[in-house]
Amino acid sequence: MPELPEVETIKRGLDKQIINKRISKVSIEKSFIKKVGPSANAFKKALEGKTIKNVARRSKLLMFEINKEQSLIVHLKMTGQLVYRPKNNKIVVGGHPIAGPQNLPSKFTRVTIQFADKTTLFFNDVRKFGFLKIVDRKELNEALSKYGREPIDKDFNFPHFKSLIDKSPRKKVKSFLLEQKIIAGLGNIYADESLFVAKVNPERRVDSLTKSEQKLLFVAIVEIIKKAIKYKGTTFSDYVNAKGGKGNFQKHLQVYGRNKLECLRCKKGIITKIKLGSRSASFCPICQK
DNA sequence: GTAGATGTTATAGA
DNA sequence: ATCTATAACATCTA
Ligand SMILES: [Zn+2]
């Protein structure tokens, strides 16, 4: 589910809400205890009574600073959600439950973090690939060392991108874009969208790109990620922001999810979906050379 | 019913 | 260096 734009949207929705709030109670669904560390008690003890000092994001990882020494890190993987409920009252509209924080906890709520002011943060995750973990400063640095360049960094420029290209010359370009150690935060949707904008076929070897294709791709990545953040992410099935609401970028997708449909750009090609590594890649065989 | 696919990532082995 | 298979898990679709 969530790639950089979705995680960034959650981060922006959460930080204003929960910074400086004190955690009063944490509960963990039984089957999820193994995903919060060695024991439920250690996890609770690290959080209860503490105050969230800061919220940050790196790649698709969220970080909640507890104090100088400790942080809570959260990865949503495929179907994770973080939804904040401002008040502890249930609202039902028209007699039917509505989507969003009003009906939480749900069947898929794995971790519940209650604050002293009676507001609540829910971690929901259908597939349970996600995790929450308490880390010290050293462990946090280790976790962060796995990530490459942030595409929305102000200093990220073409020479940087070129040097990344030169370090992984034989990779297929789609796999190159998905590598978090190279560029942090792209996932299947935005890698496909970036390649479409740059008119580059996902199966091309990185070292086969012409200088002009390299530049187009660099610009496309930055442009797509920024635009997706502006539209508050893509909701395909599970993604919701911190308020439980959907994103808007799905309306602007040009290839992802358009298998067998006519290409929106050349109006001639039929969007084709192939397997590349273990992931799918969608592209227009006519205008992505 | 059932095989295959889903927005992620870590790891082992070739 | 790079790729493959595999695993974690639940749900939906063809
Ligand atoms: Zn096309």
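1. Donors here are N, O and S atoms within 2.8 Å of the metal (3.2 Å for Na, K and Ca); water is not among the atoms, so sites may look incomplete. On that basis the donors of the zinc ion are spaced C-x2-C-x17-C-x2-C along the chain. This is a predicted model, in which local features need pLDDT of at least 70 and side-chain atom pairs count only at pLDDT 80 or more, while totals for chains, interfaces and linings use all residues. Residues are numbered from 1 along each chain as its sequence is written, chains are lettered from A and ligands numbered from 1 in the order in which they are written, and side-chain values use heavy atoms, with hydrogens and water left out.

2. Which residues coordinate the zinc ion? The SG atoms of Cys263, Cys266, Cys284 and Cys287 do, at 2.2 to 2.4 Å. The 4 donor atoms subtend angles of 105 to 121 degrees, so the arrangement is tetrahedral. Four donors count as tetrahedral if all angles lie between 85 and 135 degrees; four count as square planar and six as octahedral if opposite donors are over 155 degrees apart and all others between 65 and 115, and anything else is irregular. Ideal angles are 109.5 degrees for four tetrahedral donors.

3. Accessibility was also computed for two of these ligands. Cys284 is buried at a relative accessible area of 0%, and Cys287 counts as buried at 11%. Buried means under 20% relative accessible area, exposed over 50% and partly exposed in between (1.4 Å probe, protein chains only).

4. Helices (H or I, at least four residues) and strands (E, at least two) are DSSP runs numbered from the N terminus. Helix 6 (residues 188-198) is mostly covered, with 10 of its 11 residues buried. Among the buried ones are Ile189, Tyr190, Leu195 and Phe196. The buried residues of helix 6 pack against helix 1, helix 5 (173-178), helix 7 and strand 10 (279-283). Just after helix 6, Lys199 has a positive phi of about 60 degrees.

5. Helix 6 and helix 7 pack with their axes 8 Å apart, at an angle of about 130 degrees. That makes helix 6 oblique to helix 7. The residues in contact include Tyr190, Leu195 and Ala198 of helix 6 and Leu217, Ile221 and Ala228 of helix 7. Axes are lines fitted to C-alpha atoms, for helices over the stretch in contact, and angles run from 0 to 180 degrees between N-to-C directions. Angles under 35 degrees count as roughly parallel, over 145 as roughly antiparallel, 65 to 115 as roughly perpendicular and the rest as oblique. Contact means heavy atoms within 4.5 Å.

6. For helix 1 (residues 4-18) and helix 7 (residues 211-230), the angle is about 40 degrees and the axes are 9 Å apart. Helix 1 is therefore oblique to helix 7. Leu4, Pro5, Glu8, Thr9 and Arg12 in helix 1 meet Ile225, Ala228 and Ile229 in helix 7.

7. Helix 4 (residues 158-167) packs on helix 7 at an angle of about 115 degrees, with the axes 10 Å apart. Helix 4 and helix 7 are therefore roughly perpendicular. On the helix 4 side, Phe158, Phe161, Lys162 and Ile165 take part; their partners in helix 7 include Lys211, Gln214 and Phe218.

8. Where is Thr234 placed? Thr234 lies in the loop between helix 7 and strand 9 (272-276) and is buried, at a relative accessible area of 2%. Leaving out residues up to four places away in sequence, Thr234 touches Glu6, Ile189, Tyr190, Tyr239, Phe249, Gln250 and Leu253.

9. Leu104 and Pro105 are joined by a cis peptide bond, with omega about 0 degrees; Pro105 is in the loop between strand 5 (80-85) and strand 6 (109-115). Ser59, in the loop between strand 2 (54-58) and strand 3 (61-65), has a positive phi near 55 degrees and counts as buried at 1% relative accessibility. Lys77 has a positive phi of about 45 degrees although it is not a glycine. Lys77 is in the loop between strand 4 (70-75) and strand 5, and counts as partly exposed at 37% relative accessibility.
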